[in-house]
Amino acid sequence: MDTDPVFKALADRSRRLLLDSLNASNGQTLTELCEHLDMTRQAVTQHLNLLEAANLVATTWRGREKLHFLNPVPLQEIYDRWISKFERSRVRALRDLKRRLERTRSA
Amino acid sequence: MPKSTFVYVTYIAAPAETVWKALLDGEFTRQYWGHENVSDWKPGSTWEHRRPDGSQAPSILGEVIEARPPHRLVITWANPSDRARRDKHSRVTFDLESLTGMVRLTVTHDELDAGSDMERAIVNGWPRVLSSLKSLLETGHALPTWARG
């Protein structure tokens with residue numbers, strides 16, 4: 001799948017906030033997503049359509065309610081494209097080190 | 001205990017029959033999943049997710065609920081220690097939808113114990129498994145996704 005829609009979808013703060021919200025609580029309805037965000041219902045709907053077109057959000061129906069789920073598979077595909085198996089452990093070690101140091105500093 | 005649901009979607013440029021076979025056939029799953037899926041895939045049968053190193057104990061097991069090739073597969077999913085405890089089994093549904101030149105594969109993992117080790121494991125696992133499956137079917141190479149070190 002073309003990755004342009006993924007990067008375009010991610011290049012917007014509101015859409016990243018929607019993904020954060022789903023990451024914190026997966027399977028929300030439109031109404032639930034609107035509760036936590038300072039956006040009109042119409043704006044949230046448009047952002048969700050774009051995220052769904054980029055395959056970053058997957059939806060299912062529960063009766064008449066549409067539930068939204070964070071779909072991280074396209075992000076995994078991007079990660080797999082540029083990070084080889086040999087770099088993986090080093091990238092992970094650097095990330096862990098950064099987390100540890102930043103935690104120590106803020107403590 | 002509250003239950004959680006996760007939904008994963010990937011588009012794979014391959015016929016639905018090929019994707020179906022890749023989910024069920026141990027020879028395929030060993031390449032992109034690092035495990036062999038073993039079952040006769042009949043409703044009511046057991047399925048096992050085994051390491052290919054010859055060890056007999058499965059990593060995951062469950063029951064086949066529904067198998068409608070090449071459209072829909074529903075299985076339960078549990079740690080071997082919970083084999084007899086059906087309340088500890090979660091459920092995985094694979095839906096394959098044929099589109100022009102590709103398949104939309106949706107994996108729904110539900111009835112998971114929220115906050116459990118199993119939940120953490122599958123959240124890490126499914127994106128890697130699906131990305132690796134897509135790579136194998138589209139390029140002939142699985143991703144070294146289970147490589148350590």
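This is a predicted model: local features need pLDDT of at least 70, side-chain atom pairs count only at pLDDT 80 or more; totals for chains, interfaces and linings use all residues.

Which residue in S3(B) is the bridge partner of B:Asn37? The partner is B:His49.

**Overall form**
- Chain B contains three helices and seven strands, arranged from the N terminus as β-α-α-β-β-β-β-β-β-α.
- The radius of gyration of chain B is 15 Å, which agrees with the value near 15 Å that a compact globule of 149 residues would have.
- The C-alpha trace of chain B extends about 40 × 35 × 30 Å along its principal axes.
- Buried residues make up 36% of the 149 residues of chain B.
- Among the contacts in chain B with a separation of 6 or more, 39% join residues 24 or more positions apart.

**The sheet**
- In chain B, seven strands make up an open sheet with antiparallel pairing, in the order S1-S7-S6-S5-S4-S3-S2.
- Strand S1 (3–12) and strand S2 (36–38) of chain B lie at the edges; each has a single partner strand, so one side of each has no neighbour in the sheet.
- On average, neighbouring strands of this sheet are turned by 20 degrees against each other, direction ignored.
- Three bridges link S2(B) to strand S3 (residues 46–50) of chain B in the antiparallel sense.

**Helix on the sheet**
- Helix H3 (residues 117–139) of chain B packs on the sheet, where it touches S1, strand S6 (90–99) and strand S7 (102–113) of chain B.
- The direction of helix H3 of chain B makes about 10 degrees with that of S1(B).

Key:
Residues are numbered from 1 along each chain as its sequence is written. Chains are lettered from A and ligands numbered from 1 in the order in which they are written. Helices (H or I, at least four residues) and strands (E, at least two) are DSSP runs, numbered from the N terminus. The radius of gyration is taken over C-alpha atoms; the globule rule is 2.2 Å times the number of residues to the power 0.38. A residue is buried if 20 or more other C-beta atoms lie within 10 Å of its own, exposed if 12 or fewer, and partly exposed in between; C-beta atoms are placed from the backbone. Two residues are in contact if their C-beta atoms, placed from the backbone, lie within 7 Å. Two strands pair if DSSP finds at least two bridges between them. Axes are lines fitted to C-alpha atoms, for helices over the stretch in contact, and angles run from 0 to 180 degrees between N-to-C directions.
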